[in-house]
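Visitor: I would like to learn how to read the packing in a model of this kind, one feature at a time. Could we begin with a single residue and work outwards from there?

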Amino acid sequence: MRNLVVSIHDVSPLTQASCARILDDLREIGVPITSLLIIPNHHERAPVSEYEDFQGWLKTKVNEGHEPILHGYFHARSPKNTDAGIVKFTNQVYTAGEGEFYDLDRSEASRRLRQGLNDLEFLQRPISGFVAPAWLLGFEAEAAVRHVGFRYITTVSSVDVFDGLQRVSLAWNQGLSSRLRERPLLRIAIHPTDREIPMVWSQVKSVVGSALVDRRPLTYEKFIANHLDSTES
Ligand SMILES: [Zn+2]
């Protein structure tokens with residue numbers, strides 16, 4: 001059976017209510033587990049360490065089988081004076097300033113990654129995945145991700161697993177077009193605001209529903225375990 005990963009972006013105390021509704025709805029239509037992309041201090045306004053309700057809720061979800069993933073630290077990128085031209089355009093228009101790991105140097109990236117893992121220690125569970133905000137991960141920041149010990153990242157089009165010095169790229173479908181339908185993994189990314197717009201949300205549910213006809217829902221972590229680790233043994 002082929003696989004479906006539903007990933008929920010931007011999980012934080014600021015989006016908890018929408019995320020909770022999303023997970024309830026998904027469970028109802030047959031998706032009991034997802035990958036949760038967590039922001040440790042969303043826009044410097046919501047440090048998870050200060051939100052006990054959020055911690056309790058997230059811990060319950062993780063115990064139910066949802067996978068916690070680190071998704072940046074603040075999520076927002078601090079603009080730089082030297083920004084010009086394409087950088088300004090990319091950062092402010094395409095990502096709305098959300099490319100936090102786009103051009104961090106290695107030591108600052110490492111510091112934020114370690115702090116993020118530290119902030120999520122209350123989950124009492126290892127975190128193996130990192131997804132850069134807006135999927136923008138610079139070269140130096142990626143080196144930091146590997147060095148800190150994450151096992152995989154996801155990009156716009158694939159899940160990339162670090163296996164020693166190798167990088168194994170597992171591509172997925174972005175949509176349900178027939179050309180790509182045979183790929184083993186389909187990823188559907190959901191943002192908290194999707195839940196608040198009825199037309200968007202019913203569209204998302206219908207795409208998830210179609211995928212469930214011949215795919216089983218799982219997390220990235222489980223997909224990687226099934227796909228790579230099983231061939232090693
Ligand atoms: Zn995000």
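**Reading the packing**

Guide: Leaving aside residues up to four places away in sequence, glutamate 98 touches His75, Ala76, Arg77, Pro133 and Ala134, where two residues are in contact if their C-beta atoms, placed from the backbone, lie within 7 Å. This is a predicted model, in which local features need pLDDT of at least 70 and side-chain atom pairs count only at pLDDT 80 or more, while totals for chains, interfaces and linings use all residues. Residues are numbered from 1 along each chain as its sequence is written.

Visitor: Is glutamate 98 buried or exposed?

Guide: A residue is called buried if 20 or more other C-beta atoms lie within 10 Å of its own, exposed if 12 or fewer, and partly exposed in between. Glutamate 98 has 21 other C-beta atoms within 10 Å, and is therefore buried. Glutamate 98 belongs to the loop between helix 3 (85–94) and helix 4, helices being DSSP runs of H or I with at least four residues and strands runs of E with at least two, numbered from the N terminus.

Visitor: Which residues of helix 5 are buried, and why do they lie on the same side?

Guide: In helix 5 (residues 139–148) the buried residues are Ala141, Glu142, Ala144 and Val145. They share one side of helix 5 because they cover an arc of only 155° around the axis, the arc being that of the directions from the helix axis to the C-beta atoms. Phe139 and His147, on the other side of helix 5, are exposed. The buried residues pack against helix 4 (106–119), strand 4 (129–130) and strand 5 (152–154).

Visitor: At what angle do helix 4 and helix 5 pack?

Guide: Two packed helices are described by the angle between their axes and the distance between the axes. For helix 4 and helix 5 the angle is about 45°, with the axes 8 Å apart; axes are lines fitted to C-alpha atoms, for helices over the stretch in contact, and angles run from 0 to 180 degrees between N-to-C directions. Helix 4 is therefore oblique to helix 5, since angles under 35 degrees count as roughly parallel, over 145 as roughly antiparallel, 65 to 115 as roughly perpendicular and the rest as oblique. Among the residues making this contact are Ala109 and Leu113 of helix 4 and Ala141 and Val148 of helix 5.

Visitor: How much of the protein chain is buried?

Guide: Of the 233 residues in the protein chain, 39% are buried.
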